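Please keep the coordinates open while reading.

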Amino acid sequence: MGALRAIFKGDRQADRVVPPSGFTAQLTLFAAGAMAFLAVFALALSLASGRLAQVWGQELAQSATVRIVAPLDQRAAQTEAALKVLQTTKGVASARALTDAEQEELLAPWFGPELAMENLPVPRLIEVVEEGEGLDPVGLRLRLSAEVPGAVLDDHSRWRAPLVAAASRLRLLGWISTLLIGAAVAAMVTLAAQAALAANAQVIAVLRLVGATDDYIARAFIRRFTLRALLGAAAGTVLGMVAVILLPDAGEAGGFLTGLGFRGWHWVVPLLVPLLVGAVAFAATGAAARRTLRELT
Amino acid sequence: MIELENVAYSYGGGELLSDITLKLAPGSFHFLTGPSGTGKTTLMKLCYGALLPTAGHLRMFGADVRGLGRDDIALMRRRVGVVHQDVKFLDHLPLTENIALPLNVSGRQAEAGGTDLEELMSWVGLTHRADALPPELSGGERQRAALARAVIMSPDVILADEPTGNIDWEMSQRLLRLLIELNRMGKTVLIATHDLSLIRATKAHVQARVLRIANRRIQLAGADL
């Protein structure tokens, strides 16, 4: 904690003992910024795919569809019969036949608007909302096949599972990317700090000679690299978040693509990126400095 | 102050120094002489903890150096002023900051801007060079700056390794007078040099003992000087 306080309080004199390094300082700044920018996207991907997995898992699990496939003249009667069966089925909260207008809307992306639905043998869809433990698909199928020959029950589990699995895998990849970015930041800062320590071997020797402790010398380097990484990462994070905000909104039609981004408290998560990058830089520079100093008298 | 007891030091090959017993008492003035390559610098380095003896015991201010941690050595160096043969400064900082560096690294920044520093600068005759960068200084100026840096913490011991190595006679006389003055203030002084005329010139002013390194051992040089 004391070391952290010293980092932010600073020591103007201690900062001056290490010569300024211009170009390489900007490289550290740039690399930290670029990594933070990428980290924001990896986080957006992880959080969004996590959210999708949850939404798909929950919403689809709580609903089912009954499809009435029957000649046009029997369709209305069979729909009525199916609704009656559903009303007396355990685990069904409500069942509702979609109207022509709603079905038209569902088909519009494929057949275009203004489709003359009444002349087509389009199956009638019944939206079933489940409650409690949900319904028993096997029992319901038996009852439906006895009373409504044209009814087909789709409880969504068939196509829900791979979607949820894909979203979960995507989330895992996002987190792995975030971790890799963190490790790359550590590697980059270590290299930069190592180079700075090597370039300033004479400065370090002079400081040791006049009675500077290892902590004092290490702090001069740690402070410099931590602040650079923090600053670069802050800039990269801001740019990354702006880019996420500016992602084009695909509206209703876009489906899950519109989900990429942050929602609610998730906006706080990318703000942690600069702090974590700073912490990684702090640890990496400290380790590099201690390693180098141990070899000197 | 600094005590060596049967100290030996060997580099990878053979033994450079062996069986050295020496005691630098408070307020004493010693010269260390001998042909180059006999281990004068090595002995100096042993005395400020840059090297550890390979045998025997070396005590600084009563503590055995082998038992000291890195931070203890750092603290110890604040009590020992060292003037190197090839003085190293921080080349990007002006002279005053270089001279005040020991104060800064030991957390005594407040004194770095004080009148003591100004007095010290004028004592070594470098007031007019205060803002110069170390690479701009002449050999004599560097040596005097090194002495100023060595004494700014008011150390108990001053170790000077060939302090007059690359400066002219007049300048080395001046530097030596500064060291004699410090000794009169009660500081322990050890100067390594191969310049016998310098030793002779000094002996007129101060009670100095001359140590000679020969055959890896140290001897008290006699009246031949």
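The contact between the chains takes 21 residues from chain B and 17 residues from chain A, where two residues are in contact if their C-beta atoms, placed from the backbone, lie within 7 Å. On the side of chain B that touches chain A, the elements giving two or more residues are α2 (70-77) and α4 (101-105) of chain B. The largest share, five residues, comes from α2(B). Here helices (H or I, at least four residues) and strands (E, at least two) are DSSP runs, numbered from the N terminus. By class, this side of chain B has eleven nonpolar, four polar and six charged residues; Ala, Val, Leu, Ile, Met, Phe, Trp, Tyr, Cys and Pro count as nonpolar, Asp, Glu, Lys and Arg as charged, and the others, Gly among them, as polar.

The model is predicted: local features need pLDDT of at least 70, side-chain atom pairs count only at pLDDT 80 or more, and totals for chains, interfaces and linings use all residues. Residues are numbered from 1 along each chain as its sequence is written, while chains are lettered from A and ligands numbered from 1 in the order in which they are written.

Chain A is divided into domain 1 (2-51 + 170-294) and domain 2 (70-149), with bounds from an automatic or database domain assignment. The C-alpha centres of domain 1 of chain A and domain 2 of chain A lie 56 Å apart.

Next comes the packing. A nonpolar core is a set of buried Ala, Val, Leu, Ile, Met, Phe, Trp, Tyr and Cys residues joined through C-beta atoms within 7 Å. A residue is buried if 20 or more other C-beta atoms lie within 10 Å of its own, exposed if 12 or fewer, and partly exposed in between. The largest nonpolar core has 114 residues, of which Val189(A), Ala193(A), Phe221(A), Val277(A), Ala148(B) and Leu159(B) touch the most other members. Helix α3 (residues 22-61) of chain A supplies the largest share of this core, 14 residues. Apart from it lies another core, of 13 residues, including Ala64(A), Ile68(A), Ala151(A) and Leu153(A). Leaving aside neighbours within four places in sequence, Leu159(B) is in contact with Met44(B), Cys47(B), Tyr48(B), Val80(B), Val82(B) and Leu190(B).

Four bridges join β6(B) to strand β7 (residues 157-161) of chain B, running parallel; Val80(B) has Val157(B) as its bridge partner in β7(B).

Chain B also has an open sheet of four strands in the order β2-β1-β4-β5, with antiparallel pairing; two strands pair if DSSP finds at least two bridges between them. At the edges, β2 (15-24) and β5 (63-64) of chain B each have a single partner strand, so one side of each is left without a neighbour in the sheet. Five bridges join β1 (residues 2-10) to β4 (residues 55-60) of chain B, and Ile2(B) stands opposite Met60(B) in β4(B).

Two backbone angles deserve a check. Most residues other than glycine have a negative phi. Asp19(B), in strand β2 of chain B, has a positive phi of about 55 degrees. Phe61(B), in the loop between β4 and β5 of chain B, has phi near 50 degrees. Asp19(B) counts as partly exposed because it has 15 C-beta neighbours inside 10 Å, and Phe61(B) counts as partly exposed with 13.
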